[in-house]
Amino acid sequence: MGFGVGDYAWWEYVLIPCIAALVGYATNVIALEMTFGPLEFFGIQLFRLKDQPWGLFGWQGIIPTKAEKMATICFDLMTTRLFNIQEIFGRLDPKRFSQVMEDGLLLMMDKIVNEVAMEYMPGIWEKLPEEVKTDVVITTDKETDKFLEEFMRDMQLHMEDVIDIKHMTVQACVANKRLVVQVFKECGDKEFVFIRRSGLYFGFLFGCIQMTVWFFYDASWILPVAGFAVGWITNYLALKVIFSPLEPTRFMCWIVQGIFLKRQKEVSATFARIICVEILHIRAIWDAVFGGPLSTNFYAMLRAHSLVFIEKLIAEIKPVAIAAMGAEKFGQMKEAMAQKVIDNLPTIIDQSYEYSQMALDMETEIREKMEELPSEDFEGVLHPAFQEDELTLIFLGGLLGAIVGVIQLFTIFA
């Protein structure tokens with residue numbers, strides 16, 4: 001084998017660009033599949049570096065492997081450029097919020113008052129005139145709205161002290177790697193179709209060059225090396241044209257821009273929808289307030305407001321209660337009632353979900369702010385999925401291409 005002109009049948013030469021096209025397509029498809037999956041490590045994990053998708057012997061998708069890091073990058077962008085949680089919660093009308101919560105809170109308070117009164121002063125409570133008990137009910141009805149209004153105003157002023165929105169979103173992604181994959185897949189669906197198809201087109205183009213070289217020089221190393229080049233270059237070009245150039249740029253008589261960047265408006269709508277439906281919905285936000293790393297601040301604030309609220313509720317029976325049980329036990333009763341308010345409020349907060357979701361309208365906020373992002377920031381939504389192991393994916397394409405070249409050499413051109 002060496003220099004020669006047309007030493008093989010014509011159809012054997014025609015196969016070269018066709019096989020190169022298939023190699024380009026296959027390597028791009030495999031690269032994408034290995035980016036997104038499997039969600040957990042598949043294989044025998046004899047050795048594996050921390051936060052690396054590969055191991056001896058096996059693989060975990062790049063995005064699932066680095067879900068925490070990618071989510072952190074993504075939500076750093078979101079919390080610094082797309083929305084401010086304090087500003088968002090400022091859209092809630094405390095009066096309207098207390099109205100939608102009123103029925104549930106009244107039933108809760110009626111139960112709490114009866115339970116605590118029967119525990120601390122059963123005899124006195126049963127003997128109290130109905131007029132006094134009615135006064136307690138009326139006071140409860142009147143003070144409930146004020147309690148929630150004042151508490152919500154205080155909370156709105158200190159949202160960043162009671163919820164760590166970044167921690168909430170990142171932990172949601174780590175716990176549900178499939179969700180991270182979904183965000184990247186749906187935001188980049190058209191780009192991923194392009195990556196698959198571009199492997200076919202670029203592969204065929206470079207296959208024609210490979211065919212021409214092989215026609216004149218058929219050394220045994222040509223096919224494996226050319227296969228490596230086809231796999232490498234098709235993966236590289238596919239990733240390159242998605243994100244480059246950042247801004248519309250004149251190239252000869254065309255205006256070109258990265259494919260992903262052209263779809264900023266469309267992607268913004270998709271990203272905002274997924275994030276707000278799957279992660280930043282109102283139930284998840286309240287769950288993070290109740291159980292997140294800053295929940296102690298929330299409960300301290302709620303306790304302070306609850307004690308003031310309880311003091312007003314039981315003002316009517318305070319003289320009788322202190323005379324009967326003493327100031328110390330009366331104080332314990334107040335603490336017990338306040339604690340029950342703290343413990344039970346999370347069980348009725350769902351009554352505010354519909355109003356809160358509508359009032360906050362986070363999806364619109366994120367979509368509109370994302371549409372206004374400069375290209376270099378917008379690129380950060382999807383590019384982390386490839387930046388993390390871009391060279392690995394490109395090298396993988398080259399390796400698979402080289403393997404096909406060797407097979408081609410020993411089957412078709414043996």
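What is the mean pLDDT of the protein, and what share of its residues reach 70 or more? The mean is 81, and 92% of the residues get to 70 or more; pLDDT is the predictor's confidence in each residue, from 0 to 100. This is a predicted model, where local features need pLDDT of at least 70 and side-chain atom pairs count only at pLDDT 80 or more, while totals for chains, interfaces and linings use all residues. Residues are numbered from 1 along each chain as its sequence is written, and side-chain values use heavy atoms, with hydrogens and water left out.

**Confidence by element**
- Elements here are DSSP runs numbered from the N terminus: helices are H or I with at least four residues, strands are E with at least two.

**Cavities**
- Searching the whole structure turns up five cavities of 30 Å³ or more. A cavity is a set of points, on a 1 Å grid over the protein atoms alone, where a 1.4 Å probe fits but cannot get out.
- The largest cavity comes in at about 70 Å³, with volume taken as the space filled by probe spheres set on the points, and grid points joined across faces, edges and corners.
- Its lining counts 10 residues, and Asn28, Ala31, Ile195, Asn235 and Leu239 sit nearest the centre; a lining residue has an atom within 4 Å of a point.
- α1 (10-36) and α12 (222-243) each put at least two residues into that lining, and α1 has the largest share, with four.
- By type, the lining of the largest cavity splits into seven nonpolar, three polar and no charged residues. Nonpolar means Ala, Val, Leu, Ile, Met, Phe, Trp, Tyr, Cys and Pro; charged means Asp, Glu, Lys and Arg; the others, Gly among them, are polar.

**Helix packing**
- Helix α10 (residues 177-187) packs on helix α11 (residues 189-216) at about 75°, with axes 4 Å apart. Axes are lines fitted to C-alpha atoms over the stretch in contact, and angles run from 0 to 180 degrees between N-to-C directions.
- So α10 is roughly perpendicular to α11 (65 to 115 degrees).
- Phe184, Lys185, Glu186 and Cys187 of α10 meet Asp189, Glu191 and Phe192 of α11, contact being heavy atoms within 4.5 Å.
- That contact has three nonpolar, no polar and four charged residues.

- Most residues other than glycine have a negative phi, and most peptide bonds are trans.
- Gly37 and Pro38 are joined by a cis peptide bond, omega about 0°, and Pro38 is in the loop between α1 and β1 (42-47).
- Asp361 has a positive phi, near 45°, and lies in the loop between α19 (353-360) and α20 (362-371).

How values were computed: On a 1 Å grid over the protein atoms alone, a cavity is a set of points where a 1.4 Å probe fits but cannot get out, and a pocket is an open set with protein on both sides within 12 Å along at least five of seven lines; lining residues have an atom within 4 Å of a point. Angles under 35 degrees count as roughly parallel, over 145 as roughly antiparallel, 65 to 115 as roughly perpendicular and the rest as oblique.
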